[in-house]
Amino acid sequence: MKLGIMQPYIFPYTGYFQLINAVDRFVVYDDVAFIKQGWINRNRILLNGAEHIFTVPLQNASSFTTIAQTLINQDLYAGWRTKFFKTLIQAYIKAPFFADTFDLITNVFNRPCNTISELASASIFETCKYTGINTEFILTATGYGNNNLKAEYRVIDICKKEKADIYINPVGGKALYSKADFEQAGLVLNFIRPGNISYKQFNHTFVPGLSVIDVMMYNSPGEIKGFLNEYGLE
């Protein structure tokens, strides 16, 4: 069984969904420290041909708090959401798949969520449904009882508890994880490297690595499903 483990991010980039699509089971790794200035509560879309960062407002976000415990700032959220929807309309109203994608996004942001983990996870689950990814999800990592373990040792413990044979991690983890350590634990460690994906963004120069929101606006679910297989394993 192939396992993936990642922190939840708000409407992450295509490579995140390639990882989900490449495994049999995926653990939402939300009981680790929240990363300030990271991509858990923010991402990038294309606005007038340029990158535009959107950021979900949080309440007292801190690296001393887990992702699962990091609260959305409800006093600011409703106003932010309204402005973000207007930005999406301005940016993508003429995109070929605007209507379906906008419905998906508003469905996610309009649901009652208290934490960024709940909201980011919802964005991931709904995108998977839309694109036909059938991977099984473990909704939170809070039940493993291994908070005393650090780095790859905790990942290995989760793999063992899930009875995984293969663990797949983004290629950026090469500096963190050792294939020899995983092999010693009876596991195969693979790294996934996204391929070069491009598509037409109106008549703008292509900007890669944006939120999956951008990908869904310009591509059908079938086309996106094809993108999800554009990767290599190392």
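# Briefing: pockets, ring contacts and backbone in a predicted model

W80 and F84 are four residues apart in helix 2 (residues 74–92), which means that about one helical turn separates them. The model is a predicted one. In it, W80 and F84 form a stacked aromatic pair, with 5.1 Å centre to centre and 10 degrees between the planes. The points below cover the rings, the pockets, one hairpin and some backbone angles.

**Aromatic rings**

- An α-helix has 3.6 residues a turn, so residues three or four places apart point the same way.
- W80 and F84 are both buried.
- The count of aromatic pairs in the model comes to 22.
- A cluster linked by ring pairs takes in F11, F54, Y77, W80, F84, F85, F98, F102 and F109.
- The ring of W39 has a charge over it: the charged end of R42 sits there, 4.4 Å from the ring centre.

**Largest pocket**

- The volume of the largest pocket is about 780 Å³.
- Its lining has 33 residues, and M6, Q7, Y9, I35 and P170 are the closest to the pocket centre.
- Two or more lining residues come from each of strand 1 (2–6), helix 1 (14–22), strand 3, helix 5 (151–161), strand 8 (166–170) and strand 9 (188–194).
- Helix 1 gives the most to this lining, with four residues.
- By class, the lining of the largest pocket holds 21 nonpolar, nine polar and three charged residues.

**Second largest pocket**

- The second largest pocket has a volume of about 200 Å³.
- There are 15 residues in its lining, and those nearest the centre are Y13, T14, I197, P208 and G209.
- Helix 1 again gives the most, here with three residues.

**Buried positions**

- Helix 1 is mostly covered, with nine of its nine residues buried.
- The buried residues of helix 1 are T14, G15, Y16, F17, Q18, L19, I20, N21 and A22.
- L88 lies in helix 2.
- L88 counts as buried because its relative accessibility is 0%, and the cut-off for buried is under 20%.
- L88 and M217 are 129 residues apart in sequence, and their C-alpha atoms are 9.9 Å apart in space.

**Strands 3 and 4**

- Strand 3 (residues 42–47) pairs with strand 4 (residues 50–55) in the antiparallel sense, over six bridges.
- L46 has E51 in strand 4 as its bridge partner.
- The two strands form a hairpin with two residues between them, and N48 in the turn has a positive phi of about 55 degrees.
- Strand 3 is also one of the elements that give two or more residues to the lining of the largest pocket.

**Positive phi and exposure**

- Most residues other than glycine have a negative phi.
- A151 has a positive phi, near 50 degrees, and its place is in helix 5.
- A151 counts as exposed because its relative accessible area is 56%, against a cut-off of over 50%.
- K163 also has a positive phi, near 60 degrees, and lies in the loop between helix 5 and strand 8.
- The relative accessible area of K163 is 67%, so K163 is exposed.

Conventions:
Residues numbered from 1 in each chain as written. Predicted model: local features only at pLDDT ≥ 70, side-chain atom pairs only at ≥ 80, totals over all residues. Heavy atoms only, no water. Pairing = 2+ DSSP bridges. 1 Å grid on protein atoms, 1.4 Å probe; cavity = no way out; pocket = protein on both sides within 12 Å on 5 of 7 lines; lining within 4 Å. Points joined across faces, edges and corners; volume = space filled by probe spheres on them. Nonpolar A, V, L, I, M, F, W, Y, C, P; charged D, E, K, R; others polar. Phe/Tyr/Trp six-rings, centres within 6.5 Å; stacked < 30°, edge-to-face > 60°. Buried < 20%, exposed > 50% of the residue type's maximum accessible area, 1.4 Å probe, protein only. Lys NZ or Arg CZ within 6 Å of the ring centre and 35° of its normal.
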